[in-house]
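Good morning, everyone, and thank you for letting me take a few minutes of the meeting. Please have a look at the sequence and the structure first, and then I will walk you through some parts of it.

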Amino acid sequence: MPVRSADGRPVRTNSDFSITVEHGPEALGTADTVVIPPFITTPVPREVQQAVVQALAFVAPGARLVSICTGAFVLAAAGLLDGRPATTHWVVADLFRACFPQVALDPDVLFIDDGDILTSAGAASGIDICLHLIRKDHGSEVANQVARMCVVPPWRDGGQAQYIQHPVPETTVNGTAPARQWALENLHEPMTLADLAAHSHMSLRTFARRFTEEVGMSPGRRLIQQRVDRARHLLEATDLPVDEIAGQVGFAGGTSLREHLHAAIGVSPLAYRRTFRGALSPMH
């Protein structure tokens, strides 16, 4: 991927070295996807150099714009996020809101795909959004191969919460990890909170509290998230009918899967499958 700067000159970093680039902003006109890296948000991002903002004018209509971490400040300064959902690193969320109140900021997610503009949170979520783009463009198998090469998780949903000052509890034999692993291995089976609590030898109340402390969400919400994630993988990687997929991941039927998938990412199973697999026969 060609690297470009606002004026075509080397870019000085804060690590005592410069990045030499071979292209100026005019080269942006040939790009299908433009990725804006993070930068230190001092001075106040409202004062982002006009040369950087003006460089975005070279971007061809229809090209995708992707920001990593504080790169969202550049998009916002150019007015490209006005009235649109976006995210950035939670540490600078208050500063972002103060500078760009017209943007629908959501600092609690890893990344947001709003069609032609995608924004991500911290540096690690930059990897998540890049894998998301590879998955959209080339399918889950290619994305999974890239993830393995990079030794990173192949999928973290964009709506997953950022890790915001949540202390990591110590792993003990009295934790909920065994129950969580059991649930993951048995998603196709009906299960209740009582089942999970019993598997951990805890009362319902204790299990729910410990689970939320360790995972950051309730057991029920986490179970639905895992079932939706498994369903998404099956939609991407197989030709199984929607009703059969629903049964394999523990939903009552196709209708239930459709409702949960739409609530999670706003699309139907058919639309989701078409994104990754192309047009399929009406039976799907």
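This is a predicted model: local features need pLDDT of at least 70, side-chain atom pairs count only at pLDDT 80 or more; totals for chains, interfaces and linings use all residues.

Taken as a whole, β3 and β4, the latter covering residues 64-67, pair in the parallel sense over 4 bridges. On the side of β8, the pairing with β4 is again in the parallel sense, over 3 bridges, and here Ser 67 has Thr 119 in β8 as its bridge partner.

If we now step back, which order do the 4 strands of the open sheet follow? The order is β3-β4-β8-β7, and the pairing in this sheet is mixed. Because β3 (33-36) and β7 (111-113) stand at the edges and have a single partner strand each, one side of each is left without a neighbour in the sheet. On average, and with direction ignored, neighbouring strands here are turned by 10° against each other.

For those of you new to this, in a regular strand the side chains alternate between the two faces of the sheet. In β4 we can see Arg 64 and Val 66 pointing one way, while Leu 65 and Ser 67 point the other way, and all of them are buried.

Let us turn to the helices. Helix α4, residues 123-138, lies across β4, β7 and β8, and it runs at about 145° to β8 (117-120). Helix α4 also meets helix α5, residues 140-150, and the axes of these two come within 7 Å and cross at roughly 150°, in a crossing that is right-handed. From α4, the residues Leu 131, Ile 134, Arg 135 and His 138 take part, and they meet a group in α5 that includes Val 142, Ala 143 and Val 146. Sorted by class, this contact of α4 with α5 has 6 nonpolar, 3 polar and 1 charged residues.

My last topic is the aromatic rings. A pair of aromatic rings is described by the distance of the centres and the angle of the planes. How many aromatic pairs does the count come to? The count comes to 5 aromatic pairs, and one of them is formed by Phe 39 and Phe 73, which are edge-to-face, with 6.5 Å centre to centre and 80° between the planes. Phe 39 lies in the loop between β3 and α1 (50-55), whereas Phe 73 lies in helix α2 (residues 72-77), so this pair ties together parts that are 34 residues apart in sequence. Phe 39 counts as partly exposed because its relative accessibility is 31%, while Phe 73, with a relative accessible area of 0%, is buried.

A second example is the pair of Phe 207 and Phe 211, which is tilted, with 5.7 Å centre to centre and 50° between the planes. Both residues lie in helix α8 (residues 204-215), 4 residues apart, which is about one turn of the helix. Phe 207 counts as buried at 0% relative accessibility, and Phe 211 is buried as well, with a relative accessible area of 4%. Finally, ring pairs link Phe 39, Phe 73, Phe 96 and Phe 100 into a cluster.

Definitions and conventions. Residues are numbered from 1 along each chain as its sequence is written. Side-chain values use heavy atoms; hydrogens and water are left out. Two strands pair if DSSP finds at least two bridges between them. Axes are lines fitted to C-alpha atoms, for helices over the stretch in contact, and angles run from 0 to 180 degrees between N-to-C directions. Contact means heavy atoms within 4.5 Å. A crossing is left-handed if the near helix is turned anticlockwise from the far one by less than a right angle, and right-handed if clockwise. Ala, Val, Leu, Ile, Met, Phe, Trp, Tyr, Cys and Pro count as nonpolar, Asp, Glu, Lys and Arg as charged, and the others, Gly among them, as polar. Rings of Phe, Tyr and Trp (its six-membered ring) pair if their centres lie within 6.5 Å; planes under 30 degrees apart count as stacked, over 60 as edge-to-face and the rest as tilted. Buried means under 20% relative accessible area, exposed over 50%, partly exposed in between (1.4 Å probe, protein chains only).
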